[in-house]
Amino acid sequence: PSGMREIMLEVPKVYWSDIGGQGEVKARLKEAIQLPLENPSLFTSMGINPPKGVLLYGPPGCSKTLFAKALATESGLNFIAVKGPELFNKYVGESEKAVRNVFKRARQNSPSIIFFDEIDSLTTSRSSGNSGGSVSERVLAQLLTELDGIDQLCRVSVVAATNRPDIIDPALLRPGRFDRILYVPPPDFDSRCAIFDIQLKKMQVNSKDVTPNVLAEMTEGFSGAEVVSFCQEAAISAMEDDVNTKVVELKHFKQVRSGFKMHITKEMIQ
Ligand code: ATP
(Lines give C-alpha, C1' and ligand atoms only; values in the text may rest on other atoms or scores of the structure.)
Protein backbone atom coordinates (compact mmCIF):
# COMPACT_ATOMS: atom_id res chain seq x y z
CA PRO A 1 0.00 0.00 0.00
CA SER A 2 1.16 3.49 -0.76
CA GLY A 3 -0.23 5.03 2.40
CA MET A 4 -2.77 7.77 2.77
CA ARG A 5 -3.01 10.38 0.10
CA GLU A 6 -5.20 12.68 2.07
CA ILE A 7 -7.28 12.60 5.18
CA MET A 8 -10.94 12.68 4.24
CA LEU A 9 -13.07 14.91 6.33
CA GLU A 10 -16.78 14.53 6.00
CA VAL A 11 -19.90 15.43 7.83
CA PRO A 12 -22.01 12.30 7.61
CA LYS A 13 -25.79 12.29 7.46
CA VAL A 14 -26.64 9.16 9.37
CA TYR A 15 -29.19 9.61 12.14
CA TRP A 16 -29.96 7.27 15.02
CA SER A 17 -33.29 6.62 13.31
CA ASP A 18 -31.47 5.26 10.23
CA ILE A 19 -30.08 2.43 12.33
CA GLY A 20 -32.68 -0.27 12.83
CA GLY A 21 -32.83 -1.79 16.30
CA GLN A 22 -29.58 -2.37 18.20
CA GLY A 23 -31.04 -0.24 21.01
CA GLU A 24 -28.63 -1.47 23.63
CA VAL A 25 -25.55 -0.44 21.62
CA LYS A 26 -27.11 2.91 20.76
CA ALA A 27 -27.76 3.66 24.43
CA ARG A 28 -24.26 2.72 25.53
CA LEU A 29 -22.63 4.77 22.79
CA LYS A 30 -24.69 7.83 23.61
CA GLU A 31 -23.66 7.47 27.21
CA ALA A 32 -19.98 6.98 26.34
CA ILE A 33 -19.57 9.77 23.79
CA GLN A 34 -22.57 12.03 23.45
CA LEU A 35 -23.14 12.57 27.16
CA PRO A 36 -19.57 13.61 28.09
CA LEU A 37 -19.39 15.91 25.05
CA GLU A 38 -22.64 17.63 25.85
CA ASN A 39 -22.30 17.71 29.64
CA PRO A 40 -18.60 17.63 30.52
CA SER A 41 -19.31 19.09 33.96
CA LEU A 42 -21.39 16.06 34.86
CA PHE A 43 -18.21 14.01 34.76
CA THR A 44 -15.68 16.50 36.09
CA SER A 45 -17.83 17.38 39.09
CA MET A 46 -17.77 13.76 40.11
CA GLY A 47 -14.10 13.32 39.42
CA ILE A 48 -14.72 10.78 36.68
CA ASN A 49 -12.72 10.63 33.51
CA PRO A 50 -15.15 10.07 30.67
CA PRO A 51 -14.26 7.11 28.49
CA LYS A 52 -11.64 8.15 25.99
CA GLY A 53 -11.82 5.70 23.16
CA VAL A 54 -14.54 3.24 22.30
CA LEU A 55 -13.82 -0.06 20.57
CA LEU A 56 -16.71 -1.63 18.66
CA TYR A 57 -16.30 -5.27 17.78
CA GLY A 58 -18.49 -7.86 16.15
CA PRO A 59 -19.24 -9.62 12.88
CA PRO A 60 -18.99 -7.69 9.58
CA GLY A 61 -21.91 -5.72 8.21
CA CYS A 62 -23.56 -5.17 11.57
CA SER A 63 -23.58 -1.38 11.73
CA LYS A 64 -20.30 -0.44 13.43
CA THR A 65 -19.56 2.19 10.78
CA LEU A 66 -23.15 3.41 10.88
CA PHE A 67 -22.86 3.89 14.65
CA ALA A 68 -19.70 5.98 14.32
CA LYS A 69 -21.33 8.11 11.62
CA ALA A 70 -24.52 8.59 13.62
CA LEU A 71 -22.49 9.76 16.62
CA ALA A 72 -20.88 12.38 14.39
CA THR A 73 -24.15 13.48 12.77
CA GLU A 74 -26.17 13.64 15.96
CA SER A 75 -23.51 15.47 17.99
CA GLY A 76 -22.39 17.72 15.13
CA LEU A 77 -18.87 16.31 14.98
CA ASN A 78 -16.55 16.33 12.00
CA PHE A 79 -15.89 12.77 10.96
CA ILE A 80 -12.47 11.46 10.02
CA ALA A 81 -12.45 7.89 8.79
CA VAL A 82 -9.23 5.92 8.62
CA LYS A 83 -8.80 2.28 7.70
CA GLY A 84 -5.94 0.75 9.67
CA PRO A 85 -4.10 -0.65 6.62
CA GLU A 86 -4.09 2.81 4.98
CA LEU A 87 -1.63 3.98 7.60
CA PHE A 88 1.16 1.75 6.39
CA ASN A 89 3.69 3.30 4.11
CA LYS A 90 6.86 1.71 2.91
CA TYR A 91 8.86 4.90 3.42
CA VAL A 92 10.52 5.23 6.78
CA GLY A 93 8.75 7.67 9.04
CA GLU A 94 5.81 8.26 6.70
CA SER A 95 3.46 5.94 8.58
CA GLU A 96 4.05 7.68 11.91
CA LYS A 97 3.56 11.00 10.18
CA ALA A 98 0.23 9.77 8.79
CA VAL A 99 -0.94 8.92 12.32
CA ARG A 100 0.18 12.31 13.64
CA ASN A 101 -1.62 14.03 10.78
CA VAL A 102 -4.88 12.26 11.49
CA PHE A 103 -4.89 13.55 15.07
CA LYS A 104 -3.71 17.00 14.04
CA ARG A 105 -6.51 17.25 11.52
CA ALA A 106 -8.99 16.09 14.16
CA ARG A 107 -7.83 18.76 16.63
CA GLN A 108 -7.95 21.47 13.96
CA ASN A 109 -11.51 20.47 13.12
CA SER A 110 -12.83 19.79 16.59
CA PRO A 111 -15.28 18.86 17.83
CA SER A 112 -14.54 15.80 15.82
CA ILE A 113 -14.50 12.07 15.84
CA ILE A 114 -11.82 9.78 14.42
CA PHE A 115 -13.09 6.43 13.23
CA PHE A 116 -10.39 3.77 12.92
CA ASP A 117 -11.81 0.85 10.97
CA GLU A 118 -9.89 -2.45 10.89
CA ILE A 119 -7.88 -1.39 13.93
CA ASP A 120 -6.64 -4.98 14.22
CA SER A 121 -4.20 -4.26 11.39
CA LEU A 122 -2.20 -2.21 13.91
CA THR A 123 -0.86 -5.08 15.86
CA THR A 124 2.76 -5.88 16.52
CA SER A 125 2.28 -9.60 16.23
CA ARG A 126 1.52 -9.18 12.54
CA SER A 127 4.70 -7.22 11.95
CA SER A 128 6.64 -8.35 8.94
CA GLY A 129 9.86 -6.45 9.58
CA ASN A 130 12.69 -7.20 11.98
CA SER A 131 12.07 -7.01 15.67
CA GLY A 132 12.41 -3.69 17.42
CA GLY A 133 11.34 -1.18 14.83
CA SER A 134 9.00 -2.70 12.29
CA VAL A 135 6.51 -0.37 10.66
CA SER A 136 3.61 -1.81 12.62
CA GLU A 137 5.42 -1.35 15.92
CA ARG A 138 6.18 2.26 15.12
CA VAL A 139 2.65 2.98 13.91
CA LEU A 140 1.21 1.42 17.04
CA ALA A 141 3.59 3.38 19.27
CA GLN A 142 2.63 6.62 17.53
CA LEU A 143 -1.06 5.85 17.89
CA LEU A 144 -0.61 5.17 21.63
CA THR A 145 1.25 8.46 22.02
CA GLU A 146 -1.52 10.37 20.26
CA LEU A 147 -4.26 8.62 22.26
CA ASP A 148 -2.46 9.40 25.52
CA GLY A 149 -2.15 13.03 24.44
CA ILE A 150 -5.85 13.55 23.91
CA ASP A 151 -7.57 15.27 26.76
CA GLN A 152 -11.13 16.31 27.19
CA LEU A 153 -10.39 19.86 26.16
CA CYS A 154 -9.35 18.69 22.67
CA ARG A 155 -12.94 17.66 21.98
CA VAL A 156 -11.69 14.79 19.86
CA SER A 157 -13.44 11.43 20.27
CA VAL A 158 -11.99 8.20 19.01
CA VAL A 159 -13.94 5.14 17.92
CA ALA A 160 -12.33 2.01 16.52
CA ALA A 161 -13.86 -1.07 14.95
CA THR A 162 -12.76 -4.63 14.37
CA ASN A 163 -14.05 -8.06 13.44
CA ARG A 164 -11.05 -9.62 15.19
CA PRO A 165 -10.93 -8.50 18.83
CA ASP A 166 -8.76 -11.54 19.60
CA ILE A 167 -5.75 -10.08 17.79
CA ILE A 168 -5.99 -6.49 19.05
CA ASP A 169 -2.77 -5.40 20.68
CA PRO A 170 -3.42 -5.31 24.45
CA ALA A 171 -1.61 -1.98 24.76
CA LEU A 172 -4.54 -0.39 22.89
CA LEU A 173 -7.00 -1.58 25.50
CA ARG A 174 -5.34 -0.13 28.61
CA PRO A 175 -7.18 2.48 30.68
CA GLY A 176 -7.13 5.88 29.04
CA ARG A 177 -7.00 4.34 25.56
CA PHE A 178 -9.77 2.19 24.09
CA ASP A 179 -11.18 1.62 27.53
CA ARG A 180 -14.81 1.17 26.59
CA ILE A 181 -15.38 -2.00 24.63
CA LEU A 182 -18.74 -2.71 23.06
CA TYR A 183 -19.89 -5.83 21.28
CA VAL A 184 -22.14 -5.12 18.31
CA PRO A 185 -24.10 -8.32 17.76
CA PRO A 186 -25.85 -9.45 14.59
CA PRO A 187 -29.36 -8.01 14.55
CA ASP A 188 -31.80 -10.10 16.61
CA PHE A 189 -35.41 -10.64 15.54
CA ASP A 190 -36.58 -7.22 16.75
CA SER A 191 -33.62 -5.42 15.20
CA ARG A 192 -34.20 -7.19 11.89
CA CYS A 193 -37.85 -6.12 12.02
CA ALA A 194 -36.70 -2.55 12.55
CA ILE A 195 -34.25 -2.70 9.63
CA PHE A 196 -36.92 -4.21 7.35
CA ASP A 197 -39.30 -1.53 8.48
CA ILE A 198 -36.84 1.14 7.29
CA GLN A 199 -36.18 -0.68 4.00
CA LEU A 200 -39.81 -1.50 3.16
CA LYS A 201 -40.72 2.17 3.47
CA LYS A 202 -38.41 2.82 0.51
CA MET A 203 -39.95 0.03 -1.58
CA GLN A 204 -43.31 -0.93 -2.99
CA VAL A 205 -44.28 -4.28 -1.61
CA ASN A 206 -47.46 -6.26 -1.40
CA SER A 207 -48.07 -5.24 2.19
CA LYS A 208 -50.68 -7.96 2.72
CA ASP A 209 -48.07 -10.66 3.07
CA VAL A 210 -44.73 -8.83 3.00
CA THR A 211 -44.28 -7.51 6.53
CA PRO A 212 -41.19 -6.82 8.64
CA ASN A 213 -42.24 -9.69 10.91
CA VAL A 214 -42.48 -12.24 8.13
CA LEU A 215 -39.15 -11.20 6.65
CA ALA A 216 -37.41 -11.15 10.03
CA GLU A 217 -38.59 -14.75 10.55
CA MET A 218 -36.93 -15.70 7.26
CA THR A 219 -33.57 -14.11 8.02
CA GLU A 220 -32.21 -15.54 11.25
CA GLY A 221 -28.42 -15.14 11.24
CA PHE A 222 -28.32 -12.35 8.65
CA SER A 223 -26.13 -9.30 9.20
CA GLY A 224 -27.66 -5.83 8.84
CA ALA A 225 -25.91 -5.45 5.49
CA GLU A 226 -27.39 -8.78 4.34
CA VAL A 227 -30.89 -7.69 5.39
CA VAL A 228 -30.48 -4.62 3.18
CA SER A 229 -29.14 -6.56 0.19
CA PHE A 230 -31.87 -9.20 0.64
CA CYS A 231 -34.45 -6.45 0.01
CA GLN A 232 -32.57 -5.18 -3.01
CA GLU A 233 -32.23 -8.63 -4.52
CA ALA A 234 -35.94 -9.28 -4.00
CA ALA A 235 -36.73 -6.08 -5.89
CA ILE A 236 -34.41 -7.13 -8.72
CA SER A 237 -36.07 -10.54 -8.80
CA ALA A 238 -39.48 -8.87 -9.10
CA MET A 239 -38.23 -6.77 -12.00
CA GLU A 240 -36.80 -9.80 -13.74
CA ASP A 241 -40.17 -11.49 -13.36
CA ASP A 242 -41.95 -8.63 -15.01
CA VAL A 243 -40.25 -5.42 -16.09
CA ASN A 244 -43.46 -3.50 -15.67
CA THR A 245 -44.03 -4.56 -12.12
CA LYS A 246 -43.81 -2.01 -9.39
CA VAL A 247 -44.60 -4.31 -6.51
CA VAL A 248 -42.39 -6.85 -4.78
CA GLU A 249 -44.26 -9.95 -3.65
CA LEU A 250 -43.43 -12.45 -0.92
CA LYS A 251 -42.54 -15.04 -3.58
CA HIS A 252 -39.65 -12.83 -4.71
CA PHE A 253 -38.24 -12.75 -1.20
CA LYS A 254 -38.65 -16.53 -1.03
CA GLN A 255 -36.83 -17.01 -4.33
CA VAL A 256 -33.91 -14.88 -3.17
CA ARG A 257 -33.82 -16.57 0.24
CA SER A 258 -33.26 -20.02 -1.18
CA GLY A 259 -29.97 -19.05 -2.81
CA PHE A 260 -28.88 -16.43 -0.31
CA LYS A 261 -25.37 -16.75 1.08
CA MET A 262 -24.88 -15.69 4.69
CA HIS A 263 -21.47 -14.72 5.95
CA ILE A 264 -21.67 -14.65 9.71
CA THR A 265 -20.18 -17.79 11.19
CA LYS A 266 -20.48 -19.17 14.72
CA GLU A 267 -16.94 -18.11 15.59
CA MET A 268 -17.80 -14.46 14.92
CA ILE A 269 -20.63 -14.42 17.43
CA GLN A 270 -20.07 -13.91 21.11
P1 ATP B 1 -17.63 -4.01 8.53
O2 ATP B 1 -17.19 -4.73 9.77
O3 ATP B 1 -17.73 -4.91 7.33
O4 ATP B 1 -16.90 -2.73 8.28
P5 ATP B 1 -19.83 -2.64 9.76
O6 ATP B 1 -20.21 -3.37 11.01
O7 ATP B 1 -19.05 -1.39 9.91
O8 ATP B 1 -19.16 -3.64 8.76
P9 ATP B 1 -21.75 -1.02 8.39
O10 ATP B 1 -20.79 -0.50 7.37
O11 ATP B 1 -22.15 -0.11 9.46
O12 ATP B 1 -21.19 -2.37 8.98
O13 ATP B 1 -23.05 -1.57 7.68
C14 ATP B 1 -23.06 -1.92 6.31
C15 ATP B 1 -24.40 -1.57 5.69
O16 ATP B 1 -25.39 -2.45 6.20
C17 ATP B 1 -24.89 -0.19 6.06
O18 ATP B 1 -24.43 0.77 5.15
C19 ATP B 1 -26.40 -0.37 6.00
O20 ATP B 1 -26.87 -0.29 4.67
C21 ATP B 1 -26.60 -1.79 6.44
N22 ATP B 1 -26.92 -1.93 7.88
C23 ATP B 1 -26.19 -2.63 8.80
N24 ATP B 1 -26.78 -2.58 10.00
C25 ATP B 1 -27.89 -1.84 9.87
C26 ATP B 1 -28.92 -1.41 10.77
N27 ATP B 1 -28.93 -1.78 12.07
N28 ATP B 1 -29.90 -0.61 10.29
C29 ATP B 1 -29.92 -0.25 8.99
N30 ATP B 1 -28.99 -0.62 8.10
C31 ATP B 1 -27.98 -1.41 8.51
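Where in the chain is the place of S63? S63 sits in the loop between β2 (53–57) and α3 (64–75), and we will come back to this residue below. One thing to keep in mind as you browse: this is a predicted model.

**The chain as a whole**

Let's start with the overall picture. The chain has nine helices and six strands. Its C-alpha atoms fill a box of roughly 60 × 45 × 35 Å along the principal axes. Of its 270 residues, 46% count as buried. If you look at contacts with a separation of 6 or more, 79% of them come from residues 24 or more positions apart.

**Around the ligand**

The ligand is surrounded by 16 residues. The closest are G20, G61, S63, K64 and T65.

| Residue | Polar atom in the residue | Distance to a ligand oxygen atom |
|---|---|---|
| G61 | backbone | 2.9 Å |
| S63 | backbone | 3.2 Å |
| K64 | side chain | 2.8 Å |

On its own, the ligand has 630 Å² of accessible area, and the protein covers 75% of it.

**Backbone features to check**

Some backbone angles deserve a look if you plan to inspect the model by eye. As background, most residues other than glycine have a negative phi, and most peptide bonds are trans.

S63 has a positive phi of about 80 degrees, although it is not a glycine. With a relative accessibility of 15%, S63 counts as buried, because the cut-off for that label is under 20%. S63 is also one of the closest residues to the ligand, and a polar backbone atom of S63 is 3.2 Å from a ligand oxygen atom.

Q22 is another residue other than glycine with a positive phi, here near 50 degrees. Q22 belongs to the loop between β1 (9–10) and α1 (23–38). Its relative accessibility is 7%, so Q22 counts as buried.

Finally, which kind of peptide bond joins S110 and P111, cis or trans? The bond is cis, with omega about 0 degrees. P111 itself lies in the loop between α4 (94–108) and β4 (112–117).

Note on methods
Residues are numbered from 1 along each chain as its sequence is written. This is a predicted model: local features need pLDDT of at least 70, side-chain atom pairs count only at pLDDT 80 or more; totals for chains, interfaces and linings use all residues. Side-chain values use heavy atoms; hydrogens and water are left out. Helices (H or I, at least four residues) and strands (E, at least two) are DSSP runs, numbered from the N terminus. Buried means under 20% relative accessible area, exposed over 50%, partly exposed in between (1.4 Å probe, protein chains only). Contact means heavy atoms within 4.5 Å. A residue is near a molecule or strand if one of its heavy atoms lies within 4 Å of it. A polar contact is a pair of N or O atoms within 3.5 Å; within protein, one must be able to donate a hydrogen and the other to accept it, and residues adjacent in sequence count only if both atoms are side-chain atoms. Accessible areas come from the Shrake-Rupley method with a 1.4 Å probe; for residues, only the protein chains shown count as cover.
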